[in-house]
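Please consult the sequence and structure shown here while reading.

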Amino acid sequence: MKLSVTKLDGKAAGDIELMDDVFGIEEIRADILQRCVVWQLAKRRAGTHKVQTRNENSRTGKKMYRQKGTGGARHGSRRAPQFVGGSRAFGPVVRDHGFDLPKKVRALALRHALSAKAKSGDLIILDQATLKEPKTAALRETFGKLGWAKALIIAGPEVDANFGLAARNIPHIDVLPNAGLNVYDILRAEKLVLTKAAVDAVHARFTGEAKAEKEAA
């Protein structure tokens, strides 16, 4: 498939050819996208929520009262969860919420996310994301003219210093290098903006994966 390339000033900068098996998938698999988003969000969870267990409670472990003859239930410690100041039963502990997702599934999800943006007309190819001066107000005005209210911009191998400084205080605008391209950020952005360098990196990535699969087979 072919898309037009634009500049930050809105002028055309030619066309670019995109790989159909990466940007041109017609039937978008929502289940694949959902699996990848859940995997990403699970890996982001800190897992540091925790309560005191009975062996960590500082209350006395002395038997509260004699075993028999009180007419009450038998108890041996004030640390039991049914008492005020006692420990919580089956509470959360520090753990890792992450789980494994096959590399092929992750790659397929990225293909479908890119194709979904291209299919909906929300994929924009930018000539280059660079600025001479880090002026936030000017860049915000530029984004307003282009209609980029909530956008993910993949700027290339590295984010231009001036562009990154100017964009970092603009709400709902995320600027990432090629390595930051991910399914969750693509789906939550209204517009996906890829520079020509970013497109080349995506093509090289999936071409390399396809070559590796053939060699392995």
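Two strands are said to pair if DSSP finds at least two bridges between them. Helices (H or I, at least four residues) and strands (E, at least two) are DSSP runs, numbered from the N terminus. This is a predicted model, in which local features need pLDDT of at least 70 and side-chain atom pairs count only at pLDDT 80 or more, while totals for chains, interfaces and linings use all residues. Residues are numbered from 1 along each chain as its sequence is written, and side-chain values use heavy atoms, with hydrogens and water left out.

The sheet is open and consists of six strands in the order S2-S1-S3-S6-S4-S5, with mixed pairing. Strand S2 (12–17) and S5 each have a single partner strand and stand at the edges, so one side of each is left without a neighbour in the sheet. On average, neighbouring strands of this sheet are turned by 30° against each other, direction ignored; such angles are taken between axes, which are lines fitted to C-alpha atoms, and run from 0 to 180 degrees between N-to-C directions.

Strand S6 (residues 191–195) is mostly covered, since four of its five residues are buried, that is, under 20% relative accessible area, whereas exposed means over 50% and partly exposed in between (1.4 Å probe, protein chains only). Strand S3 (residues 123–126) runs parallel to S6 and is joined to S6 by four bridges, with leucine 126 opposite threonine 195. S4 likewise runs parallel to S6, joined by four bridges, and alanine 151 has lysine 191 of S6 as its bridge partner.

Attention now turns to a helix. The buried residues of H4 (residues 136–146) are Thr136, Leu139 and Phe143. They cover an arc of only 65° around the axis, which puts them on the same side of H4; the arc is that of the directions from the helix axis to the C-beta atoms. The face turned away from this buried side carries the exposed residues Ala137, Gly144 and Lys145. After H4 comes glycine 147, with a positive phi near 80°.
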